[in-house]
Amino acid sequence: MNSPDDTIAAISTPTGEGGIGIVRLSGRDAVRIADRIFSSPKSRKLEGSRSHTVNYGFLVDPAGGRRIDEVLATVMRAPKTYTMEDVVEFNCHGGMLPLREALHLLLREGARLAEPGEFTKRAFLNGRIDLSQAEAVIDLIKAKTDRAERLALQQLEGGLSRRITGLRDRITDTCVHVEACIDFPEDEPELTIKDEIIGSMRAIGTELKELSKGYDEGRFFREGVSAAIIGKPNVGKSSLLNALLEKDRAIVTDMPGTTRDVVEDLLNINGLPLRIMDTAGIRDACNLAEMEGVKRSLKALEGADIVIAVVDAGSPLDEADRELLDKVRHKRAVVLANKCDIEAADFSLPDMGINCIRASALTGEGLDALKNRIYSLCISSGASQDTEDLMITNERHKQSLDRALASLRDAGESLERSDPLEVTAISLREALDALGAIVGLITTEDILNRIFSEFCIGK
Ligand SMILES: Nc1nc2c(ncn2[C@@H]2O[C@H](COP(=O)(O)OP(=O)(O)O)[C@@H](O)[C@H]2O)c(=O)[nH]1
Ligand SMILES: [Mg+2]
């Protein structure tokens with residue numbers, strides 16, 4: 001464990017060339033260390049500047065007096081900063097070399113290189129945000145669609161924290177009730193009180209269950225959904241990918257066996273981030289590269305959340321099509337009858353209880369229907385894109401909710417069995433702890449490390 005007394009530094013902007021690049025410092029000595037490499041035209045020290053001010057000057061190597069860069073230094077003093085510590089940010093010209101040199105000097109002058117997510121970790125450890133909010137920071141950075149972004153922002157602003165705190169308060173009330181009965185055994189809990197306690201536990205349990213259930217869909221917004229386009233060669237899989245993406249992503253030819261690799265791109269369907277994969281046509285391939293392609297298709301088929309099975313409506317289904325449809329029968333799947341612009345008179349689909357859509361990658365017909373169907377396959381609750389309802393998107397939260405629910409159930413059952421009240425109280429405490437883990441009241445170093453290691457350096 002690093003001492004929270006040390007001052008950390010990192011380049012906070014992405015690697016590469018940019019208009020500006022930012023080097024950030026946080027900790028007790030942030031301003032003092034920054035001053036060692038900062039020189040303003042009027043020799044004004046950052047130490048003397050007011051909080052939340054921007055100061056013009058140069059970065060200078062104190063060892064030889066060489067100028068490194070022309071910068072703006074923002075000084076933000078504790079506690080109203082991202083980390084609640086003193087923070088200095090240097091806006092440098094955005095090339096990698098000056099940024100690295102600036103960082104190097106700061107490390108030489110007494111700062112320590114920050115670990116991934118350490119600025120945010122300090123914000124958590126110093127109590128500015130709770131754990132669910134810290135997790136929302138990374139969700140916000142990684143959000144692929146507007147909807148994912150809104151969900152992350154809602155969590156960052158404390159939406160989940162407030163809900164969890166509210167539920168914990170209610171469990172605490174119940175616990176106090178039960179413990180009062182333990183402390184004053186002469187007032188044996190009357191039946192009405194017992195019913196009241198069981199009633200409130202049930203109500204809390206129902207809310208926990210609702211929240212937990214939302215994860216099945218919420219995770220799709222955070223993690224994205226993978227969809228594999230599969231089918232025989234030449235049915236129009238690559239054309240479909242291009243039509244959905246509205247760009248020429250995959251090579252389309254009339255030669256069967258053109259696609260060998262899995263080609264992947266991101267599609268936004270009403271805020272649902274869909275990783276869509278075009279694959280090699282499935283058939284008995286005649287050369288090594290194509291055989292490998294087919295192997296990858298089958299793997300994509302296995303691993304995907306959703307399968308789009310494409311058949312060619314220009315001719316009747318054959319044995320290979322039927323085999324394919326059989327493979328997807330037990331998956332979350334849509335059958336797409338492509339080339340409906342040249343549909344054959346003798347084309348028909350077997351009735352097999354899978355969603356089927358007629359479409360044309362060439363004319364664009366049926367593609368909106370396909371997108372809507374994919375959305376409703378994932379988001380069956382009908383949560384439309386504009387609902388601002390709280391949604392659990394993180395598996396850790398879902399697991400904690402389920403643990404809380406199980407403990408609450410234990411508590412209710414022990415009360416109904418008229419076990420000693422201590423048993424009920426212990427289960428209620430466990431439920432409280434489980435919910436406390438979501439917001440980080442109860443954590444281990446291990447959990448924290450796992451969460452913050454997902455961050456980039458400098459955040
Ligand atoms: N008429 C018609 N032709 C299509 C359609 N989709 C694809 N094609 C043609 O079918 C051939 C094979 O397409 P391609 O996307 O490479 O198929 P893949 O092998 O399944 O990836 C190409 O000549 C496409 O132009 C469609 O909807 N209608
Ligand atoms: Mg192809």
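Reader: How many residues of strand β11 are buried?
Author: This is a predicted model, in which local features need pLDDT of at least 70, side-chain atom pairs count only at pLDDT 80 or more, and totals for chains, interfaces and linings use all residues. Residues are numbered from 1 along each chain as its sequence is written, while chains are lettered from A and ligands numbered from 1 in the order in which they are written. Strands (E, at least two residues) and helices (H or I, at least four) are DSSP runs numbered from the N terminus, and a residue is buried if 20 or more other C-beta atoms, placed from the backbone, lie within 10 Å of its own, exposed if 12 or fewer, and partly exposed in between. Strand β11 covers residues 306-312 and is largely enclosed by the rest of the structure, because the buried residues number seven of the seven.

Reader: Which residues of β11 point the other way from I306, I308, V310 and D312?
Author: The residues on both sides of β11 are buried. I306, I308, V310 and D312 point one way, and opposite to them point V307, A309 and V311.

Reader: Is K339 buried or exposed?
Author: K339 is in the loop between β12 (333-338) and β13 (355-358). Its phi is positive, about 60 degrees, although K339 is not a glycine. Most residues other than glycine have a negative phi, and most peptide bonds are trans. With 24 other C-beta atoms within 10 Å, K339 is buried.

Reader: Is H52 buried or exposed?
Author: H52 also has a positive phi, near 60 degrees, in a residue other than glycine. H52 lies in the loop between β3 and β4 (53-60). Because H52 has 12 C-beta neighbours inside 10 Å, it counts as exposed.

Reader: Which strands stand at the edges of the open sheet?
Author: The open sheet has seven strands with mixed pairing, in the order β3-β4-β5-β6-β2-β1-β7. Two of them have a single partner strand each, so one side of each is left without a neighbour in the sheet: β3 (38-39) and β7 (112-113).

Reader: Which peptide bond is cis?
Author: Strands β5 (residues 67-76) and β6 (residues 87-93) run antiparallel and are joined by five bridges, with V75 opposite V88. The loop between β5 and β6 holds P79. With omega near 5 degrees, the cis bond is the one from A78 to P79.

Reader: How far is the C-alpha atom of A9 from that of I198?
Author: A9 lies in strand β1 (residues 8-11) and counts as buried, with 28 C-beta neighbours inside 10 Å. Two residues are in contact if their C-beta atoms lie within 7 Å; among the residues that A9 touches are V23, L25, L103 and L113. I198 is 189 residues from A9 along the chain, and their C-alpha atoms are separated by 53 Å.

Reader: How far apart are the C-alpha centres of domain 1 and domain 3?
Author: Domain bounds come from an automatic or database domain assignment. It gives domain 1 (8-129), domain 2 (134-214 + 392-440) and domain 3 (222-378). The centres of domain 1 and domain 3 are apart by 51 Å.

Reader: Which helix gives the most residues to the shell around ligand 1?
Author: A residue is near the ligand if its C-beta atom, placed from the backbone, lies within 6 Å of it. Of the 21 residues around ligand 1, G236, K237, S238, S239 and D254 come nearest. With three residues in the shell, the helix that gives the most is α9 (residues 237-245).

Terms used:
Two strands pair if DSSP finds at least two bridges between them. Lists of a residue's contacts leave out its neighbours within four places in sequence.
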